[in-house]
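Let's work through a few exercises together. Have the structure open beside you as you go.

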Amino acid sequence: MKQRALLGWLLLAPSLLLIGGLVVFPIGYNVWLSLYDKHAFMPVQTFVGLKHYVYFAHDPEFWSSVRYGAIYTGSTLCLQLVLGIGAALLLNEAFVGRGLLRGVVLFPYMIPTIVAVILWKWLLNDSYGLVNHLLVSSHLARAPLAWLGPDYIMWSLIFTSVWQFFPFVVVAYLARLQTIPPELYEAAKVDGAGAWGRFVHVTLPQTRNVLFVIVLLRSIFMFTKFDTVWLMAGEGGVSRYIRTLPVYAYARSFTYLQAGMGAALAVIMFAMLLVISAVYFRLLRDEESTA
Amino acid sequence: MAKRRRSSTISRRRFLADSVTGAAAAAVFGRAPAVLGQQTRELQVWHTEVEPQTVKTIQDTSIAEFEKKFPGFKVKQQALGWGDLNTKLLAALAAGSPPDLTHLNPFMTASLYVKGQIRPMDELIRALGEKDIHEATLKLQYFDGKYYGVTHAMGATYFAERRDLREQKGLKAPETYEDMLKLAAALTDDKRYAVQMPGEKLYMGFVHPAEWLAGNGGSWVDAKTWRPQLNSRAMLESLEYLQKLNKYMPQGWSGQKYLDTLAALSTGKIAMAYLSGARTIGYIERYAPENMRDPEHFQPMLRPHGPSGKVGISALDGENWAVFTQSKYPNESFEFLRLFYKKENYLPYCHSVPIHLSPIFKSMLNDPEYLANPRIKKWKSWHDVMIAGLNQQRFLPIGFSRPEDNLLPFLAELDGSGIVADMVVEVMVGGKNPKAEADRAQKRAEELLTQLGHKRWS
Amino acid sequence: MRAAPGGLRRTGVLYAGGLALFLVGAFPLLWMLSTALKPSSEIFATPPTLVPVKSTLENFTRLFAETSFLTYFRNSVVVSFATVLLTLSVSAAGAYGLTRCAFAGREKVAGLILMTYMFSPIMIIIPFYILVKRLGLVNTHLALVLSYTTFCLPFCLWLLRSFFQSIPLELEEAALVDGAGLGRAVWYVVLPLALPGIIAAGIFTFILAWNDFLFALVLITSEELKTLPVGVNDLFNATIVDWGMIMAAGVVITVPTIAFFVAVQRYLIQGWGAGGVKG
């Protein structure tokens with residue numbers, strides 16, 4: 001079947017060409033650049049080997065970004081899962097208006113990040129924002145809270161990100177839910193399982209694979225998320241409280257103007273994701289294949 | 001039924017595909033000239049005045065005249081916010097193709113000069129009239145005996161206050177930190193805060209610290225050794241003052257932007273905007289209560305000085321034009337600038353955002369035709385405060401702690417690192433100990449300058 | 001539609017949950033619409049009002065009269081549709097190759113594709129710009145289309161591959177036996193069955209292309225070629241931040257995406273289910 005194999009490569013060629021040219025080259029460029037000292041204004045660079053990597057190993061700002069990145073990724077992932085799965089379960093049931101609701105629930109994912117951020121910054125504004133107004137007038141809070149101030153900015157950011165991206169989880173999970181044969185649930189009910197029992201013993205095992213993919217993809221996307229974080233508070237006074245790794249990498253390249261160091265941070269991020277994904281695959285793939 | 005649906009699906013898809021192909025082809029090939037190479041040559045001009053009327057004025061005056069004079073050329077102007085311009089500029093420099101002509105912040109120009117990236121423009125300066133250009137901006141880009149930049153327009157910044165409220169309390173304009181704290185205490189009540197600072201890294205971490213240092217006898221770095229002075233007495237006294245001032249600012253100020261403070265001032269939520277340029281007038285005219293849209297209610301104030309300083313310093317906003325070494329059409333860029341500064345073109349340019357864009361020429365600042373602009377006439381006191389301040393040398397360009405800071409090649413990096421902004425927010429909002437935070441910032445700054453290769457101290 | 005099985009409590013929970021979900025999804029956008037319809041004087045009013053006391057279309061008229069928003073809109077439409085077309089063609093071909101054709105290294109390729117997402121796009125922008133400059137494509141819509149296609153390709157390949165995998169080979173072979181060439185077999189048999197997956201991939205691609213900001217900012221320098229997100233950002237950077245106009249811009253940007261989605265949403269969920277990830 002060599003002809004078939006050749007056809008396969010031919011069909012794949014445009015994809016590989018585009019990905020190779022427009023993604024692999026930039027990645028390679030960053031790996032190369034991370035071994036050099038380069039000022040962002042200058043087209044020249046000097047070789048320094050692994051100096052940047054050694055520097056970051058001892059840089060308190062680096063570790064602080066890792067911490068913020070972990071908090072951000074972990075929290076948004078968990079909340080997206082909880083909200084997304086919950087919504088999907090709900091939308092799997094039959095009720096009037098379900099079609100409309102299925103459409104509405106996807107709205108947050110559709111709008112550009114900049115619009116979403118502007119919108120939430122407007123709602124959370126401590127002088128004119130609706131959220132504070134509602135909290136105060138319903139006596140849930142005594143005074144307007146500074147949602148965009150240092151104490152709460154990370155939570156506001158997490159909240160905005162979860163709002164923006166949980167529909168992704170809904171779509172993926174709901175699609176799978178719809179193909180679970182109802183007989184499995186009937187059988188479980190006959191065995192005496194309640195709603196929670198049915199979820200744990202039927203739904204979860206059946207959706208294990210799609211969950212695997214969702215967690216993997218959402219983790220990667222949230223870990224490398226730049227625009228939501230940056231637009232929310234990147235240039236603000238509170239930026240230090242949400243300085244995740246992608247933001248720190250951007251800062252090193254574009255505002256500290258140390259392009260080599262920024263590239264090193266990008267490579268470090270990439271390596272972290274690679275390692276974590278490999279571990280994730282190793283741990284969970286075995287279980288998946290037996291499902 | 002499945003079969004019918006499939007065929008209708010296919011024909012629908014085919015229709016969609018065809019129409020999309022058509023659109024795509026039109027899009028791609030409509031742009032073909034840009035890909036294949038055009039007859040006309042393009043002069044790339046980037047600047048930071050994003051107001052639609054300014055963009056239009058430039059198009060209708062300078063660009064129109066230039067294109068008539070140089071028929072083979074088209075001028076492509078791009079108006080960008082400073083952050084966006086910075087991002088694009090870095091990408092362009094990395095690719096070796098910067099724009100022909102651009103705005104730069106004075107604190108960046110030295111850095112670019114030291115790396116040989118910009119061209120001298122002595123001829124242009126002489127053509128414009130060295131003696132007529134205001135001293136406050138003339139020598140900002142004067143390196144090693146040559147001029148490397150010319151300011152596009154000046155805009156003073158200061159406090160904007162509710163003068164009626166202050167006069168109600170019978171207090172005079174504050175001249176020292178102590179005066180300011182007393183005034184702030186008097187103006188804060190349960191309906192309003194006294195003052196609000198912009199919660200943006202650029203201002204709280206660079207523009208204002210430069211003002212504090214300048215107004216309290218300090219400076220960014222030691223003049224000879226370039227060692228940072230972030231934990232100097234000048235800075236520590238300022239930090240202590242600011243920690244106290246924070247009480248009189250809205251709780252969430254660090255999460256709000258510069259323009260939010262102007263809106264807050266106009267709608268009465270605060271009594272003073274810490275940072276205010278003539279943009280404030282636009283906000284007042286739009287958002288303040290109708291009976292208050294005048295200088296009797298809103299007035300500018302110059303900055304107070306600290307205990308170790310003699311006179312308060314405010315920032316003077318004014319990006320400078322620069323032509324890159326790698327610019328494709330340097331001669332045409334200089335020609336463009338000549339036309340830009342011609343009175344028939346420059347006057348409407350300055351009038352497009354009155355007072356915010358004040359001319360750099362002393363002759364024009366006193367020119368009756370210039371002063372006849374209705375908004376300048378109405379808000380004349382704002383214009384006068386700026387002139388007085390310039391004469392008394394109460395202004396320094398944005399980010400400068402001393403006039404000689406124009407020669408420091410690392411201010412852009414210091415600003416971009418956010419080291420000082422982190423320190424300020426931890427002290428003011430986090431309530432941390434000023435000395436500890438200042439020491440930490442000092443260490444980070446020394447490390448940064450060393451990494452950049454500017455360490456001259458031991 | 002199955003009848004909702006018994007219990008008033010269950011129905012109550014369902015509707016409460018449904019209402020909450022509706023508010024989460026729609027309320028912020030309704031607020032955006034509400035602000036867009038308010039005159040300047042009412043925007044900063046405290047207490048804020050949901051339904052404008054005095055509603056007006058002036059923000060929208062100002063948006064179209066004073067800015068080049070119509071141009072941006074047209075550009076976004078052109079770029080997004082071109083991207084969807086290119087991405088779907090290339091990824092369908094590639095996914096088909098990955099699924100149906102056995103060749104060495106096939107599995108590795110799939111893994112490699114995922115890896116391309118592990119690099120933060122912000123770090124790609126500068127080398128990308130250099131590459132685009134070398135190709136002479138700076139300031140063209142083609143550059144945008146190529147970059148968006150490239151970012152969507154890995155995900156679309158992955159998605160379509162799982163769809164193609166679930167379509168039985170027998171169907172295709174039957175068409176081939178009937179005398180159809182491979183091309184017709186694919187076009188008339190495989191693709192319609194994979195249509196839901198194709199639509200899902202199309203929606204994902206459209207959203208990414210419609211909403212991208214960073215690449216449009218760096219790669220486009222002419223006012224006539226700008227896309228909507230860059231246009232909104234310009235409004236945000238303007239001297240006077242006109243909240244009414246910004247919210248109007250937000251509405252203008254969001255409506256087509258939602259309309260596009262509502263038109264095809266049946267296929268999306270149905271398709272995800274039918275093709276679905278194997279398991």
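**Exercise 1.** How many residues does the contact take from chain A, and how many from chain C?

*Solution.* This is a predicted model, in which local features need pLDDT of at least 70, side-chain atom pairs count only at pLDDT 80 or more, and totals for chains, interfaces and linings use all residues. Residues are numbered from 1 along each chain as its sequence is written, while chains are lettered from A and ligands numbered from 1 in the order in which they are written. Take two residues as in contact if their C-beta atoms, placed from the backbone, lie within 7 Å. The contact then involves 72 residues of chain A and 73 residues of chain C. Next, look for the main contributor: helix H1 (residues 2-33) of chain A brings the largest share of chain A's side, 18 residues.

**Exercise 2.** Find which helix of chain B gives the most to the side that touches chain A.

*Solution.* Start with the totals: 34 residues come from chain B and 25 residues from chain A. Helices here are DSSP runs (H or I, at least four residues), and strands are runs of E, at least two, both numbered from the N terminus. H4(B) leads with five residues.

**Exercise 3.** Describe the fold of chain B as a whole.

*Solution.* First, count elements: chain B has 22 helices and 14 strands. Second, compare sizes: its radius of gyration (over C-alpha atoms) is 25 Å, close to the 23 Å from the globule rule (2.2 Å times the number of residues to the power 0.38) for 458 residues, so chain B is as compact as a globular protein of that length. Third, of the contacts in chain B between residues at least 6 apart in sequence, 78% join residues at least 24 apart.
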